[in-house]
Amino acid sequence: MSRVYNFSAGPAVLPEEVLREAADEMMDYKGTGMSVMEMSHRSKAYDTIIKEAEADLRDLMNIPDNYKVLFLQGGASQQFAMIPMNLMKNKKAAYIVTGQWAKKAYQEAKLYGDAVEVASSADKTFSYIPDCSDLDIPEDADYVYICENNTIYGTKFKELPNTKGHTLVSDVSSCFLSEPVDVTKYGVIYGGVQKNVGPAGVVVVIIREDLITEDVLEGTPTMLRYKIHADAESLYNTPPAYGIYICGKVFKWLKKMGGLSVMKERNEEKAKILYDFLDESKLFKGTVVAKDRSLMNVPFVTGNDELDAKFVKEAADAGFVNLKGHRSVGGMRASIYNAMPKEGVEKLVAFMKKFEEENA
């Protein structure tokens, strides 16, 4: 069986080059006589792997020295609790709700303090990003929280909110490393890696050092304290060692490709192919306000549930898999992360044109 074009929102497509390298090293990593899967996280070989991964990520994102990089577990969803536990000193935070994951983070924060929804796009099924230039942010809010790219609804913040001097916390799970980013604009920037960076099981947290303190909410478990992980350099307990190893390979691949500005150009080019077709199609329609469209996740519909189901099935038979939209919204969604080649998008559009002719 040949490889399919995998449009899954996550776990998602990885660079073939990375998969081949990992396959070559599966039985014997660099003369150690064992796989990284079998290796102690305290070993010299593994220490090199995790340190190089961090160095390459710092290089790719120009991460300043006063930010820590943590490789943690529990996915982005565990961060929904870790953030208020560690950052809610005044027990107050502002949340901008632009989709399912921001909503879940907001609901989780309410368990720990006064979480205030300062903006939302729920009124139009999260199909746009609200104006965040002049929000009513409580003076004593500890931070302002966003989910920067909404995987389910296909929207993306093109401009960061005006936080009025408050710390910005951003979940970048589905746009992580897809374009250059100014880390200094954030207090915390984090993402589950299973969309654009590696296999499921790792979450990368980039956090400004002044936010890492002993002063956490009472009852915060040891494992959920940023300081514990920062002091132990992500090795407080056994980390998701193999996942971090693959992420490290993806970082090297990104550097070899020319870095994040090159990735942004490639991603814009791929997204344009698909959005241009959706804009002229008589059958398929994009569901997002044009100015807020994500480069990573492209949702679309025919307007007919039966036709949507027929399209998803025929596409899968033709080698374009995982195009079914999230169960909460239906329709279709093509996730076109860094590792999706341009040819995959071109072939998908050719298939969509053919489907449209046959089902007009």
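Which residue stands opposite lysine 92 in strand 4? Aspartate 114 does. This is a predicted model, in which local features need pLDDT of at least 70 and side-chain atom pairs count only at pLDDT 80 or more, while totals for chains, interfaces and linings use all residues. Residues are numbered from 1 along each chain as its sequence is written, and side-chain values use heavy atoms, with hydrogens and water left out.

**Parallel strands**

- Strands (E, at least two residues) and helices (H or I, at least four residues) are DSSP runs numbered from the N terminus, and two strands pair if DSSP finds at least two bridges between them.
- Strand 3 (residues 92-97) runs parallel to strand 4 (residues 114-120), and 6 bridges join them.
- Strand 5 (residues 143-147) is largely enclosed by the rest of the structure, because 5 of its 5 residues are buried.
- On one side of strand 5 the buried residues are Tyr143, Tyr145 and Cys147, and on the other they are Val144 and Ile146.
- Strand 5 pairs in the parallel sense with strand 8 (residues 167-171) over 5 bridges, and serine 170 in strand 8 is the bridge partner of isoleucine 146.

- An open sheet is formed by 3 strands in the order 11-12-14, with antiparallel pairing.
- Its edge strands, strand 11 (285-286) and strand 14 (332-335), each pair on one side only.
- Strand 11 is joined to strand 12 (residues 297-301) by 2 bridges, and lysine 285 stands opposite valine 301.

**Nonpolar cores**

- A nonpolar core is a set of buried Ala, Val, Leu, Ile, Met, Phe, Trp, Tyr and Cys residues joined through side-chain atoms within 4.5 Å.
- The largest nonpolar core has 89 residues, of which Met61, Ile206, Phe284 and Phe311 touch the most other members.
- Helix 6 (residues 241-257) gives the most to this core, with 10 residues.
- Apart from this core lies another, of 32 residues, including Met82, Ala93, Ile152 and Ala230.
- Leaving aside residues up to four places away in sequence, the contacts (heavy atoms within 4.5 Å) of isoleucine 206 include Met61, Tyr67, Lys68 and Phe176.

**Pocket and cavity**

- On a 1 Å grid over the protein atoms alone, a cavity is a set of points where a 1.4 Å probe fits but cannot get out, and a pocket is an open set with protein on both sides within 12 Å along at least five of seven lines; lining residues have an atom within 4 Å of a point.
- Grid points are joined across faces, edges and corners, and a volume is the space filled by probe spheres set on the points.
- The largest pocket has a volume of about 460 Å³, and of its 25 lining residues the closest to its centre are Glu148, Lys156, Phe157, Glu179 and Pro180.
- The search of the whole structure finds 1 cavity of 30 Å³ or more, and the largest cavity holds about 40 Å³ of space.
- The lining of the largest cavity includes Val13, Pro15, Asn196 and Trp253.

**Glutamate 269**

- Glutamate 269 lies in helix 7 (residues 260-280) and is partly exposed, with a relative accessible area of 39%.

Notes
Buried < 20%, exposed > 50% of the residue type's maximum accessible area, 1.4 Å probe, protein only.
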